[in-house]
Amino acid sequence: NNALKFTPSGGRVSVDVETRGGEISTAVSDNGIGISALDMENLFRLDHKSSGVGTNGETGTGLGLQLCKELAEKQNGTLAVESTQNSGTKITFTLPVWSDQTTGAQAPN
């Protein structure tokens, strides 16, 4: 949602998924407005609101990435952010490959 919210009309948003060893990695990249250095420093702090106005005036709570990071970590995964103001952002999250408890099947590598 953030990639779409902070990328102007005509911009680019891409989603790449790959498996690496025992994990699945998903990267969402855009060439939108990016995140300022100050907001990057405070991005996951609960006492600092890191929400801006989207390119079409959309607003948010500033909690989305914090919640996504916590959810990924609770599932033994990770969430990382790379961003340059006025150039775009890349959010990458990894989750472990799971095995099906009922059939023993495992997600493909």
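Which residue takes a positive phi in the hairpin of strand 3 and strand 4? In this predicted model, that residue is Asn 86, with a phi near 70°. The protein has three helices and four strands, and from the N terminus on these elements run α-β-β-α-α-β-β.

**Overall make-up**

- Of the 109 residues in the protein, 29% are buried.
- The accessible surface comes to about 7200 Å², and carbon and sulfur atoms hold 52% of that surface.
- Among contacts with a separation of 6 or more, 50% are between residues 24 or more positions apart.

- The four strands form an open sheet in the order 1-2-4-3, and their pairing is antiparallel.
- Strand 1 (13-20) and strand 3 are the edge strands, each of them pairing on one side only.
- On average, neighbouring strands of this sheet are turned by 15° against each other, with direction ignored.

**Strands 1 and 2**

- Eight bridges link strand 1 with strand 2 (residues 23-30), in the antiparallel sense.
- Within this part of the sheet, Val 17 has Thr 26 of strand 2 as its bridge partner.

**Strands 3 and 4**

- Strand 3 (78-84) and strand 4 (88-96) run antiparallel and are joined by seven bridges.
- Thr 84 stands opposite Gly 88, a residue of strand 4.
- The hairpin of these two strands has three residues between the strands.
- In a regular strand, side chains alternate between the two faces of the sheet.
- In strand 3, Leu 79, Val 81 and Ser 83 make up the covered face, while Thr 78, Ala 80, Glu 82 and Thr 84 make up the uncovered face.

**Helix 3**

- Helix 3 spans residues 64-74, and its buried residues are Leu 65, Gln 66 and Ala 72.
- Seen down the helix axis, these buried residues fall within an arc of 130°, so they line one face of helix 3.
- On the other side of helix 3, the exposed residues are Leu 67, Leu 71 and Lys 74.
- The packing partners of the buried residues of helix 3 are helix 1 (2-5), strand 3 and strand 4.
- After helix 3 comes Asn 76, which has a positive phi near 65°.

Note on methods:
Residues are numbered from 1 along each chain as its sequence is written. This is a predicted model: local features need pLDDT of at least 70, side-chain atom pairs count only at pLDDT 80 or more; totals for chains, interfaces and linings use all residues. Side-chain values use heavy atoms; hydrogens and water are left out. Buried means under 20% relative accessible area, exposed over 50%, partly exposed in between (1.4 Å probe, protein chains only). The arc is that of the directions from the helix axis to the C-beta atoms. Contact means heavy atoms within 4.5 Å. Two strands pair if DSSP finds at least two bridges between them. Axes are lines fitted to C-alpha atoms, for helices over the stretch in contact, and angles run from 0 to 180 degrees between N-to-C directions. Accessible areas come from the Shrake-Rupley method with a 1.4 Å probe; for residues, only the protein chains shown count as cover.
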